[in-house]
Amino acid sequence: MSVADGSTRQGGLTGIGYQGHDLVSFLERLSMDGVSLLVDVRLNPISRKRGFSKRALAEALESVGIAYEHAQPLGNPRENRAGFGGLPGEVQEARRRFAEELAAPAAREWLTAIADWATERRVALLCFEADQERCHRDVIAAEVHRLNPRASRARR
């Protein structure tokens, strides 16, 4: 975690999935939302979708003035992913199981850092899923908001 000062825009927290986006539309959306820091919460920041793997994405973000951080400890374990795409009871169980993951010390460090960053800059949490309610980043956003209510919880 080594984000330089980027307090040029309003604070707050949002989430974004790159599902349905190409790199250009994704960068435009972030810019329109005033995002100055993107925190990638994928366990493994790789993608078959051009431009969304860690290195390429970080470079593209940098080119439009957005910082990038990969928060691996906030990634959803592979065995818990299917639940987020299931029936309401399965989604609820996947959310509960993921919330337990957030008790780990490394996850707590990231949550605290994101809560702090979101008071001074616009932070976006990134994963693939377009529907945030069916993504683990919604659980992360709720916990960040609990730690810092000033880090507003916009959903994307």
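**Helix packing and a buried loop residue**

Helix 5 passes helix 6 in a right-handed crossing, a term used when the near helix is turned clockwise from the far one by less than a right angle, with anticlockwise giving left-handed. The model is a predicted one, in which local features need pLDDT of at least 70, side-chain atom pairs count only at pLDDT 80 or more, and totals for chains, interfaces and linings use all residues. Residues are numbered from 1 along each chain as its sequence is written, and side-chain values use heavy atoms, with hydrogens and water left out.

Helix 5 covers residues 105–120, and its axis lies 9 Å from that of helix 6 at an angle of about 65°. Axes here are lines fitted to C-alpha atoms, for helices over the stretch in contact, and angles between N-to-C directions run from 0 to 180 degrees. Helices (H or I, at least four residues) and strands (E, at least two) are DSSP runs, numbered from the N terminus. Helix 5 and helix 6 are therefore roughly perpendicular to each other (65 to 115 degrees; under 35 is roughly parallel, over 145 roughly antiparallel, and the rest oblique). On the helix 5 side, Arg108, Leu111, Thr112, Ile114 and Ala115 meet Ile140, Glu143, Val144, Arg146 and Leu147 of helix 6, where contact means heavy atoms within 4.5 Å.

Helix 6 (residues 137–147) also packs with helix 4 (residues 88–101), at an angle of about 55° and with the axes 9 Å apart. This angle makes helix 4 oblique to helix 6. The crossing of this pair is right-handed. Arg95, Phe98 and Ala99 of helix 4 make the contact with Asp138, Val139 and Ile140 of helix 6.

Turning to helix 1 (residues 23–32), its buried residues are Phe26, Leu27 and Leu30, buried being under 20% relative accessible area, exposed over 50% and partly exposed in between (1.4 Å probe, protein chains only). These residues sit on the same side of helix 1 because they cover an arc of only 95° around the axis, taken from the directions from the helix axis to the C-beta atoms. They pack against strand 1 (12–17), strand 2 (37–40), helix 2 (54–63) and strand 4 (122–127). The face turned away from this buried side carries the exposed residues Val24 and Met32.

Finally, Asn76 is found in the loop between strand 3 (67–70) and helix 3 (78–81). Asn76 counts as buried because its relative accessibility is 5%. Leaving aside residues up to four places away in sequence, Asn76 touches Val41, Leu43, Arg81, Phe84, Phe98 and His136.
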